[in-house]
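Hi,

Here is the structure I promised to pass on. Have a look at it first, and then read my notes below with the model open beside them.

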Amino acid sequence: MGSTTDIDTAKKNAALKAVTDHFDPGARYIGIGSGSTIIHVVEAIQALKDPRIPRINFVPTGYQSRQVIYNAGLQDIKFDSLPPGTLIDVAFDGADEVDEDLNCIKGGGACLYQEKLVATHAKKFICVADHRKLQTRLLSQWPSIPVEVEPLAARAVISTLELLGSTNPRIRSGPMQKAGPIKTDQDNFIIDAPFKTLLLPKDIEGSGSARGGGEDGVWEVEKLAREIKGIEGVLSVGLFWGMNGEEMQKTGVKKGGQKPVAAYFGMGDGSVVIRRTGQVEEKVNG
């Protein structure tokens, strides 16, 4: 585990490389996610000093990212103000953990619903993170899956999560316990639901036995995501899985996808590791 300074430098290096590779100053709409890494993304965009940038509409994923956009002197637009049928050119966002198939856990900052809205309405989603988030399987290091729920349903959802194999799912509280549960921008609660490390389809194929469907509390990513999303009272699940935006558009559907097309991880040695869909992991100098 690196120092706070080392981690911040790693985030900055990842942001610079991601912006270099995927930011287009001629774009109309750019999604800006939540969390500390995204501050470096916005700073990298500002540093370009391209005269076209003031004409770009930046789409935030919540109150915090809207403040980052505003403080940078950039123009923001609410998601529900996008013209009908419009796709965001690219969305930059972080993650709490990313596996080798680019499935992500998101929601540590309690913005998962709006983050998923923006990602699924972007031509491509680019994930930017530090090396702590780089894993082979989800729930390797990150302890739980964030689930946004309607407050009235929270207890019932917790009971169902326990039946699915979650150990001690809890409603997330604020820094001061007496302040009560954290509320999302939609005025909902977040339940943090621990599960065993999640499997990928390749872990199941050819195994000769049914696995990943909750047997002994072991789940495959997509199966668990669908199961949790189907619980009454759940608004959004902090698992980002399925097709990415480019794959979705190749099917003829004008939509984005939950998964990133690429993920950039700032490493402790100053390099940046890049994971892309269907490609060998690449390591470049930061």
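Before the strands come up, one term: two strands count as paired if DSSP finds at least two bridges between them. By that rule strand β13 (residues 262-266) pairs with β14 through five bridges, in the antiparallel sense. Do keep in mind that this is a predicted model.

**The eight-stranded sheet**

β13 and β14 belong to an open sheet of eight strands with mixed pairing, and the order across it is β3-β2-β1-β4-β7-β13-β14-β15. The edges are taken by β3 (75-76) and β15 (282-285); each has a single partner strand, so one side of each has no neighbour in the sheet. Helix α3 (residues 63-71) packs on this sheet, where it touches β1 (29-32), β2 (57-60) and β3. The direction of α3 makes about 155 degrees with that of β2.

If you want a pair to click on, Gly266 stands opposite Val272 in β14. The hairpin of β13 and β14 has four residues between the strands, and Gly270 takes a positive phi there, near 95 degrees. Ser271 is found opposite Asn285 in β15. The hairpin of β14 and β15 has five residues between the strands, with Gly278 at a positive phi near 70 degrees.

Is β14 enclosed or open? Five of its six residues are buried, so β14 is largely enclosed by the rest of the structure.

Now over to β1 and β2. These two pair in the parallel sense, over four bridges, and Ile32 stands opposite Pro60 in β2. Which way do the residues of β2 point? Asn57 and Val59 point one way, Phe58 and Pro60 point the other way, and all of them are buried.

**The four-stranded sheet**

There is also an open sheet of four strands, in the order β9-β10-β8-β11, with antiparallel pairing. β9 and β11 stand at its edges with a single partner strand each, so one side of each is left without a neighbour in the sheet. β8 and β11 pair over three bridges in the antiparallel sense, and the bridge partner of Val147 in β11 is Val237. α7 packs on the sheet and touches β8 and β11, with its direction at about 160 degrees to that of β11.

Helix α5 (residues 154-163) is the one I'd look at here. α5 lies across β8, β9, β10 and β11, running at about 15 degrees to β10. Its buried residues are Ala154, Val157, Ile158 and Leu161. Why do they end up on the same side of α5? They cover an arc of only 105 degrees around the axis, which puts them on the same side of the helix.

The face of α5 turned away from the buried side carries the exposed residues Arg155 and Leu163. After α5 comes Gly165, with a positive phi near 110 degrees.

**Two loop residues to check**

Lys49 has a phi near 50 degrees and sits in the loop between α2 (36-47) and β2. Lys49 is exposed, with a relative accessible area of 69%. Asp216 has a positive phi of about 55 degrees, and its place is in the loop between α6 (201-204) and α7. Asp216 also counts as exposed, at 69% relative accessibility.

**Rings**

How many aromatic pairs does the structure hold? The count is zero. Phe240 does have charges over its ring, though: Lys106 lies over the face at 5.5 Å from the ring centre, and Lys116 lies over the face of Phe240 at 4.7 Å from the ring centre.

Cheers

Technical notes:
Residues are numbered from 1 along each chain as its sequence is written. This is a predicted model: local features need pLDDT of at least 70, side-chain atom pairs count only at pLDDT 80 or more; totals for chains, interfaces and linings use all residues. Side-chain values use heavy atoms; hydrogens and water are left out. Contact means heavy atoms within 4.5 Å. Axes are lines fitted to C-alpha atoms, for helices over the stretch in contact, and angles run from 0 to 180 degrees between N-to-C directions. Buried means under 20% relative accessible area, exposed over 50%, partly exposed in between (1.4 Å probe, protein chains only). The arc is that of the directions from the helix axis to the C-beta atoms. Rings of Phe, Tyr and Trp (its six-membered ring) pair if their centres lie within 6.5 Å; planes under 30 degrees apart count as stacked, over 60 as edge-to-face and the rest as tilted. A charge sits over a ring if NZ of Lys or CZ of Arg is within 6 Å of the ring centre and within 35 degrees of the ring normal.
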